[in-house]
Amino acid sequence: MSDMPIEMKVLMNHIYEYQKSVRQMVLYTFNRRYADFAIKRLANQSIDYMVCPAGEQTINLFFGCKECLDAVRFVANKPLNTLSPEEDFMLGALLGYDIRRQCERYCKRKTRHGTCTGC
């Protein structure tokens with residue numbers, strides 16, 4: 001594993017955390033040249049996943065419990081940078097991000113769009 005690219009070491013750590021129930025779902029953005037390896041690894045371990053384009057050379061790989069991925073399919077059915085503040089908030093909550101920071105992010109995004117009255 002010492003000669004493995006750092007991007008794949010990070011993936012292995014995410015898989016480990018998922019298998020140990022530290023996370024219910026993971027979003028990992030990485031260079032698309034490693035996509036085959038990552039997908040084979042998840043498939044071999046019977047981990048549900050979803051691949052979405054990110055940038056020119058990158059992909060977003062969601063993986064984790066089926067119920068969370070089913071919800072993500074409704075929320076993240078477009079490029080992540082085009083998500084509404086509500087969709088962005090929901091995705092962050094599903095990923096287990098700090099809820100206070102997600103609330104701050106949501107309010108900032110709503111204020112920027114001129115639609116937040118109570119923030």
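## Terms and model

Two strands pair if DSSP finds at least two bridges between them. Helices (H or I, at least four residues) and strands (E, at least two) are themselves DSSP runs, numbered from the N terminus. A hairpin joins strand β2 to strand β3 through four residues.

This is a predicted model, in which local features need pLDDT of at least 70 and side-chain atom pairs count only at pLDDT 80 or more, while totals for chains, interfaces and linings use all residues. Residues are numbered from 1 along each chain as its sequence is written, and side-chain values use heavy atoms, with hydrogens and water left out.

## The chain as a whole

The protein chain holds five helices and three strands. Read along the sequence, their order is α-β-α-β-β-α-α-α. The C-alpha trace spans about 50 × 30 × 25 Å along its principal axes.

Of the 119 residues in the chain, 34% are buried; buried means under 20% relative accessible area, exposed means over 50%, and partly exposed lies in between (1.4 Å probe, protein chains only). The accessible surface comes to about 7,600 Å², and carbon and sulfur atoms account for 52% of that surface. Accessible areas come from the Shrake-Rupley method with a 1.4 Å probe, and for residues only the protein chains shown count as cover.

A contact means heavy atoms within 4.5 Å. Among contacts between residues at least 6 apart in sequence, 47% join residues at least 24 apart.

Strand β3 covers residues 58-64 and is joined to β1 by seven bridges, with the two strands running antiparallel. M25 has G64 of β3 as its bridge partner, and N31 has T58 of β3. Strand β2 (48-53) is also antiparallel to β3, with six bridges between them. Within this second pairing, C52 stands opposite N60 of β3.

Because six of its seven residues are buried, β3 is largely enclosed by the rest of the structure. Strand β1, residues 25-31, is mostly covered, with five of its seven residues buried.

## Helix α4 and what covers it

Helix α4 runs over residues 85-94, and its buried residues are P85, D88, L91 and G92. Seen down the axis of α4, these buried residues fall within an arc of 130 degrees, so they line one face of the helix. The arc is that of the directions from the helix axis to the C-beta atoms. An α-helix has 3.6 residues a turn, so residues three or four places apart point the same way.

The cover over the buried residues of α4 includes strand β3, helix α3 (66-75) and helix α5 (99-112). R109 is in helix α5 and counts as buried, at 11% relative accessibility. Not counting residues up to four places away in sequence, R109 touches L83, S84, P85 and D88. Just after α4, G96 takes a positive phi of about 80 degrees.

M4 is placed in the segment before helix α1 (6-19). Is M4 buried or exposed? M4 is buried, with a relative accessible area of 18%. Leaving aside neighbours within four places in sequence, M4 is in contact with K9, M12 and F37. M4 and I47 are 43 residues apart in sequence, and their C-alpha atoms are 21 Å apart in space.

## Two serines with positive phi

S21 is found in the loop between α1 and β1. S21 has a positive phi of about 65 degrees, although it is not a glycine. With 53% relative accessibility, S21 counts as exposed.

S46 lies in the loop between α2 (35-44) and β2. The phi of S46 is near 55 degrees, a positive value in a residue other than glycine. S46 is exposed, and its relative accessible area is 68%.
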